[in-house]
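This report describes selected local features of one protein structure. The sequence and coordinates are shown below for reference.

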Amino acid sequence: MVVGRGAVLAFTDITERLASEKAIRERDAAEIRAAESRAAQQRNLELADQQAALRRVATLVARGASPSEVFAAVSNELARVLHVVNAGLLRFEPDATGLVVAVQYEAGITQMPVTGERIPLAGDDVGARVLHTGRPARIDNHARAPGPEAERIRESGIHSIVGVPVIVDGRLWGAAIVGSRGLEPMPPDTEARIGDFADLVATAIANAATRSELQASQDELRMLAEQQAALRRVATLVARGTSPSEVFAAVAEAMARCLHAGNASVNRFDGDTVTVLALARIEPAMEHKPVVGERHTLEGDSIASRVLHTGRPARLDSSELQRAAGSIAERLREMGLRCTVAVPIIVDKRVWGMAAVGSAAPDPLPPDTEARISDFADLVATAIANAATRAELVASRARIVTAGDEARRRLERDLHDGAQQRLVSLGLQLRVAEEAVPPELGKLRGQLAQVLAELTGVSADLQEISRGIHPAILSRGGLGPALKTLARRSSVPVDLDLTLDRRLPDSTEVAAYYVVAEALTNAAKHAAASLVNVCVDTHDATLRLLIRDDGIGGADFGKGSGLIGLQDRVEVLGGHMEIASPPGSGTSVHISIPLGGT
């Protein structure tokens with residue numbers, strides 16, 4: 001019985017012990033499950049927190065925020081979501097250094113690099129490893145790490161650092177790096193978590209580069225459009241025959257504006273000198289400003305001598321300009337210019353002058369400056385060539401008009417002194433013959449009288465023809481008496497207002513006379529006018545002639561009017577003629593001829 005009771009007690013102890021162990025195991029399992037649940041919840045929270053942080057950064061990137069703004073946000077978010085004491089971004093430089101573009105530190109850390117600092121990547125640190133391998137890297141303990149950066153890390157109490165490369169368009173741009181003061185290594189997924197932010201940094205950089213390229217393209221298109229518009233404006237001046245001096249001024253202004261230069265000029269070579277013909281956009285702060293008409297000799301290695309001797313574009317950047325000898329280089333330095341570019345103006349295959357721009361900025365002018373100036377230099381050359389051609393044409397036309405006037409004057413004299421005098425003599429002889437006819441030959445006397453009358457008519461007609469070829473009164477008395485004679489002979493009343501105090505050049509008087517004669521003829525034949533006003537004066541060394549009738553107007557002078565033919569004569573003299581004939585308002589002709597020429 002005693003033995004049996006002991007066995008029962010032993011069995012009971014075993015059962016209780018097994019139950020206790022089971023309870024312990026179940027409690028441990030429950031604690032493990034609870035810990036795993038808490039860890040899973042923590043991981044979920046951390047994941048949610050990281051996803052929220054990534055979304056915030058992605059929103060900045062999508063909004064086109066500047067890279068610096070994205071860099072700062074990434075540093076702050078990395079430090080917060082990874083619970084580290086520092087986080088930052090390095091940009092790798094060509095000289096094997098890293099530029100800190102953004103960094104976030106826990107309070108109290110003062111020995112580590114700051115934003116904008118350049119650090120060497122020569123030791124065995126995480127930044128150097130990423131630079132040399134292009135792959136993620138970590139150092140869990142810096143106790144034995146060599147290099148000055150490792151020393152700074154130890155002094156800051158940081159134990160472990162993890163870095164991940166930032167890859168932009170397939171090239172290693174830099175690294176995203178975080179550090180921890182914890183004695184334990186950072187979690188194994190740290191690289192992957194940093195990598196998500198590094199990808200956003202790369203996207204922001206690529207987007208910024210694309211925007212920069214797009215902006216540069218837009219700027220280039222805008223500059224091209226601005227230059228083309230300026231070239232069209234200058235080309236219009238050239239096509240209109242504007243004087244070269246006006247074209248020079250317009251070109252200087254357009255070059256300064258389109259090239260954003262401190263100053264621009266058009267210059268002419270004359271032997272061993274160069275003269276400034278036009279200037280534009282002088283730097284406001286310039287103390288010794290150039291002036292139009294300024295002349296310099298071409299000694300030394302100047303921008304002007306290079307252009308003249310080579311016939312090609314030339315430039316002097318900062319260092320060359322500072323060393324260049326000669327009065328022109330000295331003058332440019334005195335003006336405060338740091339660089340200058342000039343292009344030859346070629347007229348008839350010869351270097352006529354140069355178009356130039358200068359800048360006080362230390363950086364060289366853009367590489368396309370020569371090509372852009374050349375477009376304007378070509379227009380200057382065209383304007384000069386056109387002006388020379390026009391001058392030659394005007395001179396040729398003037399010679400033709402002068403020769404024609406002289407031929408008409410000789411013909412008028414020949415008619416007056418020859419044919420007209422012979423007709424007068426013949427008339428006198430016929431009158432003598434008529435008086436000598438006996439009374440009984442009355443029929444013969446009548447025939448002679450009729451011949452004499454016809455002869456008188458022919459003489460009058462010849463006198464009128466002679467007057468039309470070249471009015472003798474114009475040669476003898478000048479424009480005033482000649483116009484008075486025209487007014488007396490006009491079939492339409494003429495109100496003549498003359499302010500002439502001297503004789504004018506022959507060609508000017510002839511041109512004015514024929515314009516008035518043609519206008520009076522038109523008023524009588526076509527205008528149904530009852531009055532013609534003729535005003536003449538010589539104010540300001542210019543002959544001004546205004547002819548106005550009160551006729552029906554509406555005349556079309558493009559259909560063969562004699563006045564249009566006289567326009568060339570007026571223009572040969574450097575003058576200008578305007579004709580207006582609105583329907584119902586009469587016709588007016590206004591001419592102006594400078595009295596300085598012939």
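## Basis of the description

The structure is a predicted model.

## The six-stranded sheet

An open sheet is built from six strands, arranged in the order β3-β2-β1-β6-β5-β4 with antiparallel pairing. The edge positions are taken by β3 (118-120) and β4 (137-139); each of these has a single partner strand, so one side of each lacks a neighbour in the sheet. From one strand to the next, the twist averages 30 degrees.

Within this sheet, strand β1, spanning residues 86-92, pairs with strand β6, spanning residues 171-180. The pairing of β1 and β6 is antiparallel and extends over six bridges. For L89, the bridge partner in β6 is A176.

## Helix α2 across the sheet

Helix α2 comprises residues 67-81 and lies across β1, β2 (97-105) and β6. Relative to β2, helix α2 runs at about 55 degrees.

## Helix α3

Helix α3 covers residues 126-133, and its buried residues include V126, G127, A128 and V130. The packing partners of the buried α3 residues are β1, β4, β5 (160-168) and β6.

At the start of the helix, a side-chain oxygen of D125 comes to within 3.1 Å of the backbone nitrogen of G127. After the helix comes G134, which has a positive phi near 70 degrees.

## Helix α7

Helix α7 is formed by residues 303-310, and its buried residues are I303, A304, S305 and V307. These buried residues pack against the strands β7 (263-270), β8 (273-280), β10 (314-316), β11 (339-347) and β12 (350-359), and against helix α9 (327-334).

The residue that follows α7 is G311, with a positive phi near 70 degrees. A glycine with positive phi near 70 degrees likewise follows α3, namely G134.

## Residue T542

T542 belongs to strand β15, which spans residues 542-549. Is T542 buried or exposed? Its relative accessibility is 15%, and since buried means under 20%, T542 counts as buried.

Leaving aside residues up to four places away in sequence, T542 is in contact with D537, S592, I593, P594 and L595.

Note on methods. Residues numbered from 1 in each chain as written. Predicted model: local features only at pLDDT ≥ 70, side-chain atom pairs only at ≥ 80, totals over all residues. Heavy atoms only, no water. Pairing = 2+ DSSP bridges. Helix = DSSP H or I, 4+ residues; strand = E, 2+ residues; numbered from the N terminus. Axes fitted to C-alpha atoms, helices over the stretch in contact; angles between N-to-C directions. Contact = heavy atoms within 4.5 Å. Buried < 20%, exposed > 50% of the residue type's maximum accessible area, 1.4 Å probe, protein only. Polar contact = N/O pair within 3.5 Å; in protein donor to acceptor, adjacent residues only side chain to side chain.
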